[in-house]
Every structure is written in C-alpha cells, then in structure tokens.
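Please read them with the sequence and structure open.

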4 protein chains.
Amino acid sequence: MDRLLKKCCIRSSLVKKCLAECLGVFIIILFGCGSVAQVTTSENKNGQYLSINLGFALGTTFGIYVSRGVSGAHLNPAVTLSLCFLGRHPWFHLPFYVFSQVLGAFLGAATVALQYYDAIMFFGGGKLTVTGPTATAGIFSTYPADYLSLWGGVIDQVIGTAALLVCVLALGDRRNSPAPPGLEPVLVGAVILCIGVSMGSNSGYSLNPARDLGPRLFTYIAGWGGEVFSAGDGWWWVPLVATNIGALVGTLIYELVIEVHHLEPGPSSEPPGLDMNAEGKHVGQSWRANQT
Amino acid sequence: MDRLLKKCCIRSSLVKKCLAECLGVFIIILFGCGSVAQVTTSENKNGQYLSINLGFALGTTFGIYVSRGVSGAHLNPAVTLSLCFLGRHPWFHLPFYVFSQVLGAFLGAATVALQYYDAIMFFGGGKLTVTGPTATAGIFSTYPADYLSLWGGVIDQVIGTAALLVCVLALGDRRNSPAPPGLEPVLVGAVILCIGVSMGSNSGYSLNPARDLGPRLFTYIAGWGGEVFSAGDGWWWVPLVATNIGALVGTLIYELVIEVHHLEPGPSSEPPGLDMNAEGKHVGQSWRANQT
Amino acid sequence: MDRLLKKCCIRSSLVKKCLAECLGVFIIILFGCGSVAQVTTSENKNGQYLSINLGFALGTTFGIYVSRGVSGAHLNPAVTLSLCFLGRHPWFHLPFYVFSQVLGAFLGAATVALQYYDAIMFFGGGKLTVTGPTATAGIFSTYPADYLSLWGGVIDQVIGTAALLVCVLALGDRRNSPAPPGLEPVLVGAVILCIGVSMGSNSGYSLNPARDLGPRLFTYIAGWGGEVFSAGDGWWWVPLVATNIGALVGTLIYELVIEVHHLEPGPSSEPPGLDMNAEGKHVGQSWRANQT
Amino acid sequence: MDRLLKKCCIRSSLVKKCLAECLGVFIIILFGCGSVAQVTTSENKNGQYLSINLGFALGTTFGIYVSRGVSGAHLNPAVTLSLCFLGRHPWFHLPFYVFSQVLGAFLGAATVALQYYDAIMFFGGGKLTVTGPTATAGIFSTYPADYLSLWGGVIDQVIGTAALLVCVLALGDRRNSPAPPGLEPVLVGAVILCIGVSMGSNSGYSLNPARDLGPRLFTYIAGWGGEVFSAGDGWWWVPLVATNIGALVGTLIYELVIEVHHLEPGPSSEPPGLDMNAEGKHVGQSWRANQT
C-alpha cells in the first residue's frame, strides 16, 4: 500500500503548495461553515454563537497544521498579497495561491452542503433562501447585519483584517515575543476566536476573500441563485476588497510601530539558503523563504 | 505497598496494550457520556451542547494521556483498521485491540449509568426509554436526528471520520508541521471539539465504532431493550460501518494530498529497531513501530 | 524594599510548604467559589454553569502554579493521603498539609464572602439561607441534588475523585505519555474542567475534602448556621469520606492497569538525592521527593 | 518596501517601549471592549457574558505578544507602579508608560466606536446614554452593579487586582513553577479569563487604571457627556485608586508567602548585564532588566 501511494509523489514545489493551500482552506470551511450550519439548522439547540467562533478558530488551527510545512499556510489571499507587497513572497505565486484558496473554499462549502443536505432542506422547508427567517445562504458566506451601512461594512472588515495581521505578524516575529515552536497554529486560531467574539456582529468576520468568495460561488451555482450577490445592497465585493486593504493596513501598523525598530538584524538578513532548507517550518521563516 | 504492586507486573506486551486501550476508551466514555448525562438529566441547567463537546474532547485528551505511552492510543477500531490497511500496524493485533476498545466503552457506559442512576431514574420517571421527551438511551450511544435519512447518516459519518483522520495524521506528520511533543493528546482533543461543534447535529458525531457499540450493548442489556437497535430505522450499524469507511477515506486524502509528496525520507524509512525503542512515545512513531 | 522583604525569609522547609499549600487552596476557592457567587447572585446573567466549571478549573491551574515549586501542589487532603499510603510522601507531613489546606479554603471562602457581601445580601434579601430559591450556602460548599440518595452521593464522589487521580497520575508518569514540562498545572486544570462538565450535576464535584470542609466551616460561623451540616440528610461527611476512598481507588486503578507494567525502571528507583534537588519541580518528582 | 520601512527606525529605547505599550493596550481594548459592544448591541444574540470574558482574556494575550519583547508588556499602570515600588523598574519611566497606556486605551475605544458606530446608533435609537436599558457607555468603561456600595467596589477592585498580581508573579517566578517559555502571554490571558468568570459581576473587573480611564475619557469627549464621571455615585475614581492598592497588596502577598523564602539565589542577584541583553524576553527578566 505504502509503495503504491509513493508512486503518486508530485515533485513540482508549486503544485504541492497549491494542493496544501487548497486542503487547508477546505478544512477551515468544513469546520467553520459546518458550525454555522449546525447552529442555524438546529436553531441554537446544538450550539450557539460561541460554537461558531470555536468552529472557525479551530478550523483555522487545523487548516494551518495540515498545510504549514508545505505551503507556509497563508490560507488567505489577503495574507498572500501583503507578503508579496512586502517583497517576502514571489508575485509569481500569487495567482496560483489565490486560485487554490478559492477552490478549497468552494469544495469545503460543497462538502458542508452535502453533509447538511437533509438538515438544510428540513430547516428551509425544501427551499434555499438568502434572506428571511429560514435563510440558509448565511451558512456559507457572510452577509451584513440589517443596520450596517456599506461604509460601515468596509470599515468593519478593514479593522478586523488589520487586527488579524498585527497579531499574526507579532506571533511570528522572532525578535519580539514569538509563539512557541509548534503552537503557532493554535495561537493563530486563538486570534480568529478573539476576532469572532469581538468583531463578528456587524458582518460575520470574513477576514478572508477566499473564505467568502468560494462558498458564495457555490451557493450561486447550487440553487440559492443571484440573490447571493445582490443581497445586502450588493455586499459581496466588500469582503473581497476591504480585507485586502485591511491586511495591508495591519502589516504597515505592525511594521511601523514594532518591527522596524528592532536593533538586532532579523531573519530577513540571514543567508537565504538557510531559510530554503527550513521549507516553511515557521510562519516567519516561510514568509521569507521565497525571497530571492 | 510499592513492592506489593510490583508483583502484579504483566510482561506480555499485547496484554499491556489491550489493558491500556481498554482504560483509554473507558475514560473517553466516562467523561463524554457523563457530560451527555449531565446535560440531559439537568435539562440544560448544568450544561449545554458545548459542555458535551468539551466532555468528549477532554475525555479523548485524557484517554490518550492514559494510554499513549503503552499502546499508541488508537482508542478507535477505525483508526486501528486504517493503520493495518496501510501496513503500519500488525493485522494480528486488530481483533485484540478492537475487543479491548469495545470492552472499555461498555465498562465506561456502565460506570456512567451507576453514577447517574438516581438522576436517570428521576428524569425518566423510573422508566428507561429510547425515544420521546424523557429518552435516556441517547446518553450512551448515538441516534440520528428526525430529519436524517440513512444515506444522509452514512455520508455524515464518512465525512466526520475522514476529517478526524486528516487532522490526526497531519498532527503526527513530522515532515509537515507536527504538534509539539507532549501536546498531541490536547490537539487531538481539539479536533474532537472542532468536529463536535461543526458536525454533531445530524447524528451525534460517533466517529468511533467502539464508542458507539459498547454503550449500545450496555443499554441493550441494562434495560433499555431491543429498541436501541431498531430505533432510527435500524441506525445502529451506521456508526460501525461508515466510520471505518470514513477513516480509510481520510487516510487516503491526507496521504495523496500531502504526505506522499514530501521529498525528505520520513520516519518509515528509519531502522525499525529505533522505532521499537520509542515504544509509542509519539503517534507517528507508534503507528510505524510495529512494521516488520 | 527588596532587602526589607528578605528579612522575612523562613528557613523551615515544612512551614514554607504549608504556606504554599494554604495559598494554593486559597486561590482555588477564591476563583472557584467566586464564579459560583457570580453566577448565583447575577441569576445566570453574568455567567452560566460552564463559567463555574472554568472558575474551578483555572483556579486549580493557578493554585498549582503558585505552590508547585514549593510544596508539590497537592492542594487536596485526598491526594496527600494517597501519596502517604503509597509511601511517596511522609506520614509525618500529613496533618500539617491537611490543616493548611483546610485553612486556605476557609480564608478563600471568607474573601469571596467579603467581595460578594453586597451581592449576597441583595440576592438573598438580607438573609443567609442554605435551602430555597435564594439560598447562598451553595456558593461556598457542595450540597446534593434533590433526587440524590446518600449512597448515590458516595458513589458519585468515589467515581469523580478516582477519575481525577487516574488522570493526574497519568499526566505525571514519565514512563507513559507525560504532560509537557511547565504545562502540568494547565492539564490538571483541564481534568477539573472535564470532571466539572461530566460529573458536576449530582453533587457539585467537590473531589477535595478541604475544598468542602473549609468553606462549610466558614458558612457555619458566618451566619448560615447549623443547617450547613444538617442539609441534604447530613450530606457534609460525604465529600470528606468518599473523596478519600475515591482517591485510593483511582490510584490503585492507575497503578494496576498501567504503571506496574512499565518495564524500564522508573524515577522511584533513582537515587533519592537526585530527587531531593528537584525540590518538587515536577509532580511526579515531588511525589517521590520525600521518600526516604 | 522593506528598505523604505527601515528608514522609520527609532533608536530611543524609551520611545520604542512607549509605542509598544500603547499598541499593547490598544489591542486589549480593541478586542475586550469590542466583545462588550458585540454582546450589548446584539442583545446577547451574537455572544454572552462568557464571550466578553474571552474577549478581554485573549485581548490581553495578544496585547502581550505584540509588546513583550520591546517593553516587557506591563500594559497596566498598576503593574508598572508595583514594579517601581519594588525597585524593579525605574521611577523615571513611570509617567511615560502610564501616558502611553492611557493613550492606547483611548485610541482603542475610539476604534471600537468607529467599528460599531452603526450598531451603537441602531441599538441606542440614535442616542448615547450612560444608564438605562439602551445604555452604551458600559461598552467602554466599567460601571458598578446597582447593589454595589462604593466601599464594596473598592474592596472588589483591591481583591481582583491583588489576585491578578499573585498569579502573574507566580507565572514569572523562575524559582517556583514558572510558565513554559513563550506561553506566558497565554497564561496571563487565562488569569484574566479566570478573574472575569469569578469577579466580573460587581463592577466589570477593570483591574487596570488605563483600561478604564482611557475609554472613559473617550466617551466623555465623544458625546456621552459628564454622566460618565457622575454615574454610580462618582464611580470613576475607584478603578483608578483601588487597582493600584490591589496591585501592591497582591505583590506583597506573593513576596511574603512564597518568593522571599526561596533558598537559592534568584535572577535578581544575577549580574545586571546579563538581564540587559535579555531585553524583556521573559516577564520575570524584563521586570528586573531595568534595575541599575
């Protein structure tokens, strides 16, 4: 059996990374959207908002454990973009990473829909609706609260994603107070938990263009129809645009307030060959590993 | 006292492993089914669905801590089967492991029934019922939600157990991003928590044939009667069959998407004698320790 | 300031240990009973049963962090008794440890009563009652559920304390799969959390004679009166007796099923001088440190 | 891009520390007060009291991760004062640290108000009120429960802050049972969680003068008006004064009961040059790092 499996070995580094990113985002959506499905279709009987926060947080943790050693576990186009912008990841990888991330999210949403097919049909009375008391589109992608203005939604997603990046960069900064080796995925999951309990109310803390677009495309195709794009005054573009802006803002804040002031030379000045060997074993390392 | 105890020392490695598997599953059921008993009989006053998720998660964590150094802490026939299938555990051990696991679950269920005897009698009005508002059979083994079709249940258990195996294999893969040494049991418990908040709604996330069969046999004998097998359209076989299929599916997914593509030679190519000494100190090692 | 403090240095090892045990149990009660006070007096508005589980779990964690390096952090007369029985702690220390533990619990209860004085008076309408809808004695010590028989309570406490000891002994067993160094207090706290969500319903999971007796004595003196001993058919002796029996049962189970079968010689056969230097840095070590 | 950023490098050690303290407290308030905003404006639909406990706990954890390597992560004027009092931090730094901490809290409150602007306006019907059913001032700073007397509030904050200091000092005491390296921020967050579930009911566990004063100043300026100072019988000074007293009491308790009795010489007797190099990598070290 082991020998049979070894024949499937792929040697292209980029394909391997794309596979890992795809599986990582798949895990996030499987557990994250799964927990929304559980709370929604059981009408809070088998869980509550805190369960959803835990689902996305632990989904992120295990999405990272599954992929970090191979692809560096970006799992988020906004993270990949920030790293490219800072010159710590090759621009050439960007479209492949983003495509894999969106694909993983799409497949994750499809799996949740398959697993909760009976429940969704029962809860929605056989109908797949985007708004109203038995709406189920919110299981898959994010929609704004009724009171939220579009500008309020943009600000919400910029602040949320900026907070994510500040914390994640701090956890990986070896000249500050980094996370203990091997526990980075748990602590990044804790950041997601923390954002979920404090910034989830306005628009469901997407924080991640792929997490939102993939499942939205799935619902569009699978029967929820065009309303998934028109609902909330055409909300769909906000999680795509605002999260990228937020990621850049958060990166700049952490760089300007903390990282540039470190006196000791950091990992980025180490010989690149050393980082290449690390093969993305640490977030900080992997982010620099592809620098030429 | 210490000397008296030392006389009880068993030298057979297989018997020791079976004892450890039995105690490990006993702990899972004691805490897991105990938390269902607490929430059910207190009618959500002394806990909620999240307490049940925590009970099974932490029960798994401590079941692993209790047995990992001795038996490798499979604690689940579907896990043992997957490892045999991959050639990483001897087929010869399989029946002994499975029997010990089911026995541990049976004894765990009996202990929960003993501890909650007064509460179960009070809640059920002196009757032991499988369905209806005061049903107590669900404390011990899993039953499907009313809306769930048999096929829906099979898919639910296949997806759930596959997700479990993907995450557990990633946590033990030393060439990816493994769990820190000594914290594997906590992280496997976190996987169970994560599955509990996201995949518990349909049929109670059995994920484990022994966890379901042992307590079901206990309820059959202890007075709940034949309905424990007939309820839910003869649901009882689904957690036995679908979890094994799911474990194999999950193993294949992780192997094909991640593990076979690692370039560096992994632990499986190390001399077996080295692994033998490890005596199951790490999941990854123990799974390979018995390879000839 | 530092120099002034250093003049207070006590050189007697036993007095230092008793001070540490006292402060450790004080912390458990301060956080544990404090969380019951919060949930009770706010009528579930500022917390729920899970908050109480977290309060006792984290209280235990920090009680251990505060005292482990000095006294080995037994924090429980039933644990001290088990260790004496196994010959791993000197019988001569037993009364001093137990007295310090009960004193710490008494002082902790007094501090909770001081902090929640206004809240308890407001909630109870100025009266301190042991039973009824505005009873507040349950904030401090444990009382059985209405349905629980005395024998059911004894069994409940024996099983709960036995489960505690099995898990704690496993976490400290260096020849099995021990907790990572420095995280033992967190994992023992997790055991308490796990027991709280799965065995708290019947009689409030005392598990610890000092945790129950100290606060009960405080309520007796502070105005709740003799009913604290007569309530629940004279329940008060059950947490004192059954927990000690349970601790011995749990110790025997772990020793007979797991520990005696380890082939390699364990820490107990190491030269005692080496353990003496360790000065209780690890649970396992400290438990053996005082063997002559 | 990297080069552009490096031009912003500040070389003054004190300015860097103040920036880090400011960002750290900003993170605490952003997540902590954000979670109160979420629970308040969603009327417990998107969270509950436990979410608020988690928000402040994880906010503290990430506030520490962001700043610990630079400033030692006091993030609390009462902590800075205690350390100055004990001679472990230079008095000269005190006003700069306190100002940065209050500024960070002010900016954090402003960001929460920006993010939840629509929600606060919707919930309050367009009005910003300090008391009553749609009060929103409690999102930002603490107010006492109706039943609480001023003296009760003082005692509440003294006990709470003392408990915080006892636990934090134990976690950093390398001669006791310290937190594992790199996990101190998580464990300090757990202390905040523990205090939140057990001491949050009376007056919202401020524990930190800056956490309370900064947001209160913001609400005063931003439209809630003078009532933020007059409400609760002029409550505003209690979190400022009582927390400082509590911090000193807690420091004295830990020093007198545990730390002064350690026989081995501790880190404070190590040559200071060694600590200087450490640059605040561990709480214990950083607290001694600035001793002359």
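**Notes on the predicted model**

1. A polar atom of the side chain of Gln157(B) lies 3.1 Å from the backbone nitrogen of Leu207(B). This is a predicted model, and the distance is a computed one. Gln157(B) is placed in helix H7 of chain B, which runs over residues 150-172.

2. Is Gln157(B) buried or exposed? Gln157(B) counts as buried because its relative accessibility is 1%, and the cut-off for buried is under 20%.

3. Chain A has 13 helices and 0 strands. Its pattern along the sequence is accordingly written α-α-α-α-α-α-α-α-α-α-α-α-α. Of its 292 residues, 67% count as buried. Among the contacts in chain A with a separation of 6 or more, 76% are between residues 24 or more positions apart.

4. For chain A, an unreviewed UniProt entry carries the annotation "transmembrane region" at residues 20-41, 47-66, 96-117, 150-171, 183-201 and 234-254. Two of these spans can be set against the model. Residues 47-66 of chain A are 90% helix and 0% strand, with end C-alpha atoms 26 Å apart. Residues 96-117 of chain A are 95% helix and 0% strand, and there the end C-alpha atoms lie 31 Å apart.

5. How many residues of chain D are in contact with chain C? The number is 51 residues of chain D, which meet 50 residues of chain C. About 4,200 Å² is buried between the two chains, with carbon and sulfur atoms giving 68% of that area. On the chain D side, the residues that lose the most area to chain C are Tyr147(D), Val197(D) and His261(D), together 14% of what that side buries.

6. Between chain D and chain C the count of salt bridges is 0, while 16 residue pairs are in polar contact, both residues being at pLDDT 80 or more. The elements of chain D that give two or more residues to this side are helix H3 (49-71), helix H7 (150-172), helix H8 (184-199) and helix H11 (238-257). By class, the side of chain D that touches chain C has 33 nonpolar, 14 polar and 4 charged residues.

7. The contact of chain D with chain A takes 50 residues from chain D and 51 residues from chain A. The area buried between chain D and chain A is about 4,200 Å², and carbon and sulfur atoms give 68% of it. In chain D, the most area is lost to chain A by Phe31(D), Tyr65(D) and Gln115(D), together 16% of what that side buries.

8. Which elements of chain D give two or more residues to the side that touches chain A? They are helix H1 (2-6), helix H2 (13-41), H3, helix H5 (94-115), helix H6 (117-123) and H8 of chain D. H3(D) gives the largest share of this side, 13 residues. By class, the side of chain D that touches chain A has 26 nonpolar, 16 polar and 8 charged residues.

9. As for specific pairs across the interface of chain D and chain A, the rule finds 0 salt bridges. It finds 16 residue pairs in polar contact across this interface, with both residues at pLDDT 80 or more.

Conventions
Residues numbered from 1 in each chain as written. Chains lettered and ligands numbered in written order. Predicted model: local features only at pLDDT ≥ 70, side-chain atom pairs only at ≥ 80, totals over all residues. Heavy atoms only, no water. Contact = heavy atoms within 4.5 Å. Buried area = accessible area lost by both parts, 1.4 Å probe. Salt bridge = Lys/Arg side-chain N within 4 Å of Asp/Glu carboxyl O. Polar contact = N/O pair within 3.5 Å; in protein donor to acceptor, adjacent residues only side chain to side chain. Helix = DSSP H or I, 4+ residues; strand = E, 2+ residues; numbered from the N terminus. Nonpolar A, V, L, I, M, F, W, Y, C, P; charged D, E, K, R; others polar. Buried < 20%, exposed > 50% of the residue type's maximum accessible area, 1.4 Å probe, protein only. UniProt positions renumbered as here; feature names shortened; annotations may be inferred.
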